[in-house]
Amino acid sequence: MGAKSKIRILEGIRQGKVGGGESVLLNLVEHLNKDEFEPVVLSFTGGMMVEYLEQAGIPVHVIHSETPFDFRIRKKVKQLMIDEKIDLVHAHGTRAASNMFWAAKKNKLPLIYTCHGWSFHPDQHKIIRKLRIRSEKFLTEKADINICVSQSNADEGKRLFKNYQPLVILNAVDTQKFDCNITGEGIRKDLRIKPEELLVSFIARFTWQKQPLALIRAFENVVKEVPNIRLVMVGDGEEKEKAIRLIRERLLGEKIILLPFRRDVPELLAASDIFVLPSLWEGLPMGLLEAMAMKKAIIASRVDGTAEVITDGENGILINPADMEDELAQSIIRLAKDESLRKTIAENALGSVRNRYNVQMMTRQNEAVYRKLIANMSL
């Protein structure tokens, strides 16, 4: 490290679009002790996150790749580490780790791999799942320290990978940014939501994992039971066009509002009454924690890290992925008709986040890992 007084960390992420892992990275680099650490971000695509980092004055580089284990960019990543005088590398997610491990090892830099949810899933073809498991095993073995964002991901890794001993550092939400006292009146006015109407929100990528099409089909049944209800779906992804067609086919255009990713997520949540996350799998979803911090009634799938956060009937309602559409519709109807239950779940959701998912705690835990690795290098 020479005479440098600060530790320079290359924080890598698969994309510059807004998502769960990207939100974790943003929280981390914003709250790191800048007297001790200097974060530099590497994203493998451009997007809103990159723009936000630039505006915040945090160095950020884009080396474009949408391919895991992309040998074509290895030398560029290696040279970036040299040019930026990096001391250690922190890869967030599988794609980032697959495209950073080679350069880190060539430059003899310690590597941290944070799993934000495994790349293998139960619904994959068995050959694809087997290949993904092998890839993850390989990446965990290349890392000097492995981190999981949920205990369920850590337990699954231990079951599948020999000698896998990760740290668990839970995702956390910035409650100053996601402040439950923020008003959503402006958003409701812009979206033309009437005062007597309930607003359900879905803020996530339009992907198979997040099940936006199942939500639309479920909502068709909701509006038959609850006329004064609307749904706002915020995000982009490969299933967005299918969602547009489905809404048109089901004649739901007056009930469902589609929006692209936006920066005013706290205000969107503030305008909402119910937040839904009907995922097939998760690590520990940031969108869920953000909605809880905004004191919203939660409906989410009983999967992975989500089931660690939500206690059914207390701080949210859990639905089973195997019966997604029916349980989703019934849960929305239940909360829509029971104002007292909505308020109780919302209050408990806020308390859960404040007690356990604190951004300062998450940042200090990561800082401790950085110090440990740097200290080991100097031995």
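Me: Leaving aside neighbours within four places in sequence, which residues is Ser 201 in contact with?
Reply: This is a predicted model. Ser 201 is found in strand S8, residues 198-203. With neighbours within four places in sequence left out, the contacts of Ser 201 are Leu 231, Val 232, Leu 269, Ser 272, Ile 274, Phe 275 and Val 276.

Me: Is Ser 201 buried or exposed?
Reply: The cut-off for buried is under 20% relative accessible area. Ser 201 has a relative accessibility of 0%. Ser 201 therefore counts as buried.

Me: What type of aromatic pair do Phe 120 and Phe 161 form?
Reply: A pair of aromatic rings is described by the distance of the centres and the angle of the planes. For Phe 120 and Phe 161, the centres are 6.5 Å apart and the planes stand at 90 degrees. Planes over 60 degrees apart count as edge-to-face. So the pair of Phe 120 and Phe 161 is edge-to-face.

Me: How many residues apart are Phe 120 and Phe 161?
Reply: Phe 120 sits in the loop between strand S5 (111-115) and helix H6 (126-142). Phe 161 sits in the loop between helix H7 (151-160) and strand S7 (167-168). The pair links distant parts of the chain, and the separation is 41 residues.

Me: Which residues do ring pairs link into a cluster with Phe 161?
Reply: Phe 161 pairs edge-to-face with Tyr 164, at 5.6 Å centre to centre and 85 degrees between the planes. Phe 161 also pairs with Phe 120. Ring pairs join Phe 161 into a cluster with Trp 118, Phe 120 and Tyr 164.

Me: What is the relative accessible area of Tyr 164?
Reply: Phe 120 and Phe 161 are both buried, with Phe 161 at 3% relative accessibility. Tyr 164 is buried too. Its relative accessible area is 4%.

Me: Why does the protein count as being as compact as a globular protein of its length?
Reply: The protein has 16 helices and 13 strands. For 379 residues, the globule rule gives 21 Å. The protein is as compact as a globular protein of that length because its radius of gyration is close to that value, at 21 Å.

Me: What share of the contacts with a separation of 6 or more comes from residues 24 or more positions apart?
Reply: Of the 379 residues, 56% count as buried. Contact means heavy atoms within 4.5 Å. Among contacts with a separation of 6 or more, the share from residues 24 or more positions apart is 69%.

Note on methods: Residues numbered from 1 in each chain as written. Predicted model: local features only at pLDDT ≥ 70, side-chain atom pairs only at ≥ 80, totals over all residues. Heavy atoms only, no water. Helix = DSSP H or I, 4+ residues; strand = E, 2+ residues; numbered from the N terminus. Rg over C-alpha atoms; globule rule 2.2 N^0.38 Å. Buried < 20%, exposed > 50% of the residue type's maximum accessible area, 1.4 Å probe, protein only. Phe/Tyr/Trp six-rings, centres within 6.5 Å; stacked < 30°, edge-to-face > 60°.
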